[in-house]
Amino acid sequence: MEKVFSEAKKAFMTGNETAAWAALAAGAEVMFGYPITPQNEIMHYWTRMAPKYDRGFLQTEDEISAGFTVCGSVQSGKKAFTATAGPGNVLMQEPFGMAEGMRLPLLAIIQQRGGPSSGTVVYSQQEVTLTTFGGNGEGHRIVYSTATHQEIYDYIIKGFNTAWTYRFPTFILGDGYQAKMREPLELYSPEDKGIKMVEPYPLIGLPGHIGEDREPKHLCNIYSLEEELYEVVMKISAEYEAISPELTEYQERECDDAEIIIVSHGVVSRAADDAVTALRAQGLKVGCFRPITLRPFPAQELKNCIQKSGAKKLLIAESAYGQLFRLVRQEIYGETVPMETLFMPGVGIIDYDIMSKIKSML
Amino acid sequence: MEGERVLEAYVGEYASGKSEISINRALELLGQGRTVTLVDLDTVEPFYTLRSLKPQLEGMGLQLISFSREDAFGLGETGAMLNPQARWALRRSGDIILDIGYGVYGARTLNLVEGANESKELKVLAVINYSRPLTGNRERIREYILDLGRVDAIVANTHLGDETTIDIIEDGNAEIMHVARELNIPVDFITVDEKLQGSIGVEVSGIPVKFIHRFMPAAMW
Amino acid sequence: MAMLEPVHPLTPKSWYLPSKPHKFCPGCGHGIVLKALGENIDELGIQDKTIFGCDIGCSLLAWNFFACDSTQTHHGRTTPVMVGIKRSRPELITVGYMGDGGGYSIGSQHLLNAAVRNEKVTLILVNNTNYGMTGGQMAPTTLPGQKTETSPYGRDPEQTGYPTKGPEFIAQLTPDSAYVARATVSKYNQLKRFIRNALRNQIEGNGFSFVEVLSTCPTNWRTNAQQTWRFLEDEMEPYFPVGELKSPFGKGDK
């Protein structure tokens with residue numbers, strides 16, 4: 001496959017364009033999608049560039065179809081992806097469930113918009129619960145929550161490798177602000193950074209004569225007996241738990257002696273980071289912790305942070321009404337540190353909001 | 001006023017800087033004591049562009065044709081909404097600056113403005129930032145400009161946001177100017193963030209440099 | 001009395017024998033459809049490159065019916081899965097297998113749009129006028145007056161409309177390169193020919209290929225053999241005319 005960037009170069013662009021270029025650089029072969037704001041420019045730029053790089057695209061009749069065509073495509077051995085948001089993410093939970101059940105290496109980019117219902121087309125962090133635990137399954141998914149354009153680029157490349165290495169559906173969880181913001185980043189071809197892209201391979205449509213060289217492949221996702229399904233889910237669970245330690249990613253800053261730790265993810269963690277800088281300058285012992293993977297969640301790492309700092313309080317800040325909060329609470333069950341919250345559903349959070357809240361907690 | 005007025009349309013890639021340059025150009029003219037109307041013709045999700053800056057810009061004395069928050073209540077996507085006033089913008093007196101949104105139709109968006117095709121005063125300027133991949137080498141710039149349709153002049157706006165250096169500006173703009181010469185389209189001016197005033201001349205190869213104030217970051221957060 | 005030697009019926013090579021005898025009810029039409037499909041796969045020599053996709057419903061019982069690579073999907077979603085495979089690997093022959101509920105009700109949006117886009121897949125839809133697997137509820141194809149578990153007084157078109165005529169609407173949506181037909185399990189040679197044409201049309205890369213097959217469901221109809229056949233031939237076939245509605249292979253077989 002043709003290298004997309006002959007050398008690493010800096011660029012200035014929006015998050016959606018970044019996503020399209022990242023998928024190209026990662027060697028994605030086909031995108032299936034359906035228009036919904038705020039992810040549209042991922043499709044716009046993919047469709048502009050795909051023919052130049054011999055990649056495919058289909059605009060399907062809805063998000064259900066976009067998700068299922070991706071399922072079919074990856075079954076046939078192609079590196080396929082989709083992108084959606086809000087109500088589209090709701091519709092895609094059905095194919096995402098198929099990907100969980102059949103262990104399909106599907107990659108989806110989610111640019112969160114306001115909810116519930118059609119909500120706003122602008123921004124939120126309200127698709128955390130849906131993206132991590134949506135569907136009628138057990139949340140056997142890998143979810144990267146990005147904060148910068150560079151991360152959108154890096155984690156899409158990484159995400160394809162994660163999906164094809166572990167065969168769990170993989171999500172790049174962005175938001176409308178990241179989708180539309182403009183900022184510089186470095187574009188590169190993975191091999192130039194020493195990143196080896198995992199080659200896709202077919203699950204059906206295999207080579208060889210059936211009955212002579214091989215048996216037919218029958219892929220299954222529905223079972224007759226409770227016990228059969230139990231075996232399957234327990235096996236998937238065990239595999240998911242086994243790989244979780246190597247998958248979890250997080251960032252922490254100034255937590256060693258922090259009296260208050262701000263926990264936030266995605267674009268809000270940028271505000272938390274600024275707030276920590278400003279508050280430290282004022283002599284306040286504040287640190288921040290950011291899960292990069294929301295599934296699997298860096299639970300032990302957050303617990304370690306709480307324990308080593310002896311933090312008196314956590315502040316959970318999110319552009320949702322408690323979705324990250326619930327995730328954190330269940331993941332660090334047993335910790336008794338009091339938690340306060342800054343819930344601003346569907347609204348941006350800036351450093352000032354966090355600093356004001358912290359000062360009210362002192 | 002007839003014959004003297006400035007009618008300019010800025011077209012360009014998504015995030016090429018056309019909104020920024022439109023605002024700065026409108027304010028420049030306003031500063032000369034002229035009457036100026038700035039028209040937001042970004043048909044792709046206009047709520048992201050000038051709308052949130054409307055009160056500020058109107059406070060400075062600009063006439064602005066764009067939707068305000070209240071106008072768009074309950075409209076959600078509003079991707080293809082055209083303000084009726086924009087359609088008739090050229091009938092207004094005074095200077096008119098049109099900010100044309102990105103899209104595959106390029107400068108053809110001007111068809112939405114009555115009289116744009118017939119106007120002899122109207123000038124279409126393509127805004128190019130070399131730090132964007134689709135206009136990141138000579139061949140792509142050429143392809144891009146030719147695809148835009150009508151282009152009367154080019155604005156070289158190479159930058160990398162907060163990571164802009166003089167080298168990035170000069171190297172990128174040199175490539176843009178090269179293509180402009182080949183296509184025989186003049187580069188009207190070069191735009192540089194006002195923060196870099198002093199580190200770069202007021203003229204490059206005879207082309208004036210305009211130092212611009214960046215309004216758009218305030219439009220995002 | 002002497003034990004009779006077991007008789008092994010002739011089966012298509014492309015049938016997967018470990019899954020035989022199959023699990024369809026006695027008198028069910030699915031086995032006939034799948035025999036016609038299997039014989040065509042053999043005769044066209046496409047076993048190694050056929051992908052068989054199964055919808056949810058009784059169609060699902062065919063998930064390991066063939067010695068072809070196969071996948072299960074979700075109810076109504078076989079069409080997009082087949083589209084995704086075909087678009088990614090055009091050299092494969094994708095066969096989606098579904099019932100009237102999966103195709104005309106929950107998956108109608110996919111069926112309609114795949115037809116409009118002239119997707120180069122082959123879809124076989126088995127019409128037995130009810131939801132078999134879930135216990136005999138009313139389907140889009142249930143005949144006027146027909147009793148089902150959710151139309152206990154007979155389907156009232158005033159309340160629930162008239163039966164969906166799938167091939168008729170798909171024929172309206174597709175260009176001339178598409179293949180659209182309705183077959184019945186009561187006319188095996190014709191059924192086999194229609195399925196063959198639907199496969200050929202995909203192999204030749206022409207366009208969308210769709211065959212609805214009128215079939216029997218004695219278990220849910222609560223009919224004996226004679227009543228079953230009578231319902232198929234005397235009730236269903238007059239309502240749902242059998243024949244080729246669109247064929248790139250010359251004049252349609254009416």
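Modeller: Let's start with handedness: a crossing is left-handed if the near helix is turned anticlockwise from the far one by less than a right angle, and right-handed if clockwise. Helices (H or I, at least four residues) and strands (E, at least two) are DSSP runs, numbered from the N terminus. What you see above is a predicted model, in which local features need pLDDT of at least 70 and side-chain atom pairs count only at pLDDT 80 or more, while totals for chains, interfaces and linings use all residues. Residues are numbered from 1 along each chain as its sequence is written, and chains are lettered from A and ligands numbered from 1 in the order in which they are written.

Colleague: OK, let me try it. Is the crossing of α1(A) and α6(A) left-handed or right-handed?

Modeller: Right-handed. Here α1 (residues 15–25) and α6 (residues 149–166) of chain A pack at an angle of about 30 degrees, with axes 8 Å apart. The axes are lines fitted to C-alpha atoms, for helices over the stretch in contact, and angles run from 0 to 180 degrees between N-to-C directions.

Colleague: What are α1(A) and α6(A) to each other, roughly parallel or something else?

Modeller: Under 35 degrees counts as roughly parallel, over 145 as roughly antiparallel, 65 to 115 as roughly perpendicular, and the rest as oblique. So α1(A) and α6(A) are roughly parallel.

Colleague: Which residues of α1(A) meet α6(A)?

Modeller: Residues are in contact if their C-beta atoms, placed from the backbone, lie within 7 Å. On the α1(A) side you'll find A:G15, A:T18, A:A19, A:A22, A:A23 and A:A25, and they meet A:H149, A:I152, A:Y153, A:I156 and A:I157 of α6(A). That contact has 8 nonpolar, 3 polar and no charged residues. (Ala, Val, Leu, Ile, Met, Phe, Trp, Tyr, Cys and Pro count as nonpolar, Asp, Glu, Lys and Arg as charged, and the others, Gly among them, as polar.)

Colleague: Now between chains. How many residues does the contact take from chain C and from chain A?

Modeller: 30 from chain C and 34 from chain A. On the chain C side, β2 (69–72), α2 (78–88) and α4 (108–116) are the elements giving two or more residues. The most come from α2(C), with 8 residues. By class, the chain C side splits into 13 nonpolar, 12 polar and 5 charged.

Colleague: And at what angle do α3(A) and α2(C) pack?

Modeller: About 50 degrees, with the axes of α3 (residues 63–75) of chain A and α2(C) 7 Å apart. That makes α3(A) and α2(C) oblique to each other, therefore. The crossing of α3(A) past α2(C) is right-handed. Its residues include A:F68 and A:C71 of α3(A), plus C:V81 and C:I85 of α2(C). The α3(A)–α2(C) contact divides into 8 nonpolar, 7 polar and 1 charged.

Colleague: Which strand of chain A is joined to β2(C)?

Modeller: Strands count as paired if DSSP finds at least two bridges between them. Here 2 bridges link β9 (residues 218–219) of chain A to β2(C), running parallel. In that pairing A:H218 has C:S70 as its bridge partner.

Colleague: How many strands form the open sheet in chain B?

Modeller: 9 strands, ordered β3-β2-β4-β1-β5-β6-β7-β9-β8, with mixed pairing. Each edge strand, β3 (63–65) and β8 (203–204) of chain B, has a single partner, so one side of each lacks a neighbour in the sheet. Further in, β1 (residues 7–12) and β4 (residues 95–100) of chain B pair in the parallel sense over 4 bridges.

Colleague: What is phi at A:S117?

Modeller: Most residues other than glycine have a negative phi, and most peptide bonds are trans. A:S117 isn't a glycine, yet its phi is positive, about 60 degrees. A:S117 sits in the loop between β5 (107–112) and α5 (128–133) of chain A.

Colleague: Is A:S117 buried or exposed?

Modeller: Buried takes 20 or more other C-beta atoms within 10 Å, exposed 12 or fewer, and partly exposed is in between. A:S117 has 8, so it is exposed. C:R222 also has a positive phi, near 55 degrees, and counts as exposed with 11 C-beta neighbours inside 10 Å.

Colleague: Where does a cis peptide bond join two residues in chain A?

Modeller: Between A:T37 and A:P38, with omega about 5 degrees. A:P38 is in the loop between β2 (30–33) and α2 (40–49) of chain A. In chain C, the bond from C:K20 to C:P21 is cis, with omega near 5 degrees, and C:P21 lies in the segment before α1 (30–44) of chain C.

Conventions: Two residues are in contact if their C-beta atoms, placed from the backbone, lie within 7 Å.
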